[in-house]
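Dear colleague,

I am handing over the structure below, and my notes on what was found in it follow directly after. Please read them with the model open beside you.

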Amino acid sequence: MIWLVAEAAAGLALLCLGGEWLVRGAVSLAGRLGVSPLIIGLSVVAAGTSAPELFVSLVSVLENRPAIAVGNVIGSNIANILLVLGAAALIWPVAVRPTVFRWDGPVLIAATAVFCALASTGEIGRIFGVLMVLGLLAYLVQSYRLDRKDTQVRREIEDEVAELGGDRPPGRIALLLILGLVGVVGGAELLVHGAAGIAADAGVSETVIGVTLVAIGTSLPELATAVAAARHRHTELALGNVIGSCIFNVLAIVGIVSFVRPLAVPDEVLAFDLWVMGGVTLGFLALVRATPRPGRTIGTIMLLCYAAYIVSQFTGLSAMPAMYRPA
């Protein structure tokens, strides 16, 4: 068990480092190619920060462990909202822009609803995977059009891209990209293998490990970004990153993974975790509409809810609804 935990921890460390190197290398490359900072921020940075989740889910499904792949996506979205934003709100009230309700929020609800509907069939096939990726591309194009008109948002994205990019020589850019790819691929392999071993030794399902250990690990970049943003009182960035990450998880990761291999959805997920993700997503968007600046009280409640969710996984409460599903 100790070796499995060490293997999973090493995988998480490699994923975090690899994701960081990949983002910085990709941003520098795009800058040298003359790509608009706004496009880089909406596509390269967003995709790069979701690279850990993508590679973990890809490795999982290729190794015939769909429970970890699905659990990673669902658990990451739950962690993004309750853990990441809860931690940010605990440090500084989360500022909510009106565009969240006009565009990003409705897209997140629609993407979550589509994912839940497809998952309820028990398997997401290749055709639906392609449609989900196309939906993501349409979202990015429209986001670019909207953010181009918003000078404040554009300035913030450009500042973030400038911080991540920098004027790096071609050799260093290539090194960052290579190290980043090796890090996320190797880290994903170690994490999935270690997580599966821990699940077997601990006597819990791979779904439980997917929605807890793997999901928290792959959400660490978002958590670090949100805490840093909250410390500098720029929580509107934390909210935007979390919503964007949730949309990427559902449309890009599920879409790409199910295109590579049809994605089977375990009964345990259908009976409990899928409903939790849907409820948390809707509840959070309703909350920020009613409370434009969620602060420490809301942040504490969100963290307690996440703790209760984690406890439910390891006490067997999350598996109880599946026991009563008709055969």
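Tyr306 and Tyr309 both sit in helix α13, 3 residues apart, which is about one turn of the helix; helices here are DSSP runs of H or I with at least four residues, strands are runs of E with at least two, and both are numbered from the N terminus. Please keep in mind that this is a predicted model, in which local features need pLDDT of at least 70 and side-chain atom pairs count only at pLDDT 80 or more, while totals for chains, interfaces and linings use all residues. Residues are numbered from 1 along each chain as its sequence is written, and side-chain values use heavy atoms, with hydrogens and water left out.

How many aromatic pairs are there? The count comes to 2 aromatic pairs, where rings of Phe, Tyr and Trp (its six-membered ring) pair if their centres lie within 6.5 Å, and planes under 30 degrees apart count as stacked, over 60 as edge-to-face and the rest as tilted. The rings of Phe272 and Tyr309 are stacked, because their centres are 6.3 Å apart and their planes stand at 5 degrees. Since Phe272 belongs to helix α12 (residues 267-290) and Tyr309 to helix α13 (residues 296-314), this pair ties together parts that are 37 residues apart in sequence. Tyr306 and Tyr309 form a tilted pair, with 6.3 Å from centre to centre and 35 degrees between the planes. Tyr306 counts as buried at 5% relative accessibility, where buried means under 20% relative accessible area, exposed over 50% and partly exposed in between (1.4 Å probe, protein chains only). Phe272 and Tyr309 are buried as well.

Turning to helix α11 (residues 235-260), this is where Asn249 is placed. Asn249 is buried, with a relative accessible area of 0%. Leaving aside neighbours within four places in sequence, Asn249 is in contact with Ser50, Glu53, Val73, Ser76, Asn77, Asn80 and Val254, contact meaning heavy atoms within 4.5 Å.

Val260 also lies in helix α11, but Val260 is partly exposed, with a relative accessible area of 34%. Helix α6 (126-149) and helix α11 each supply at least two residues of the nonpolar patch, and α6 gives the most, with 6 residues.

With kind regards
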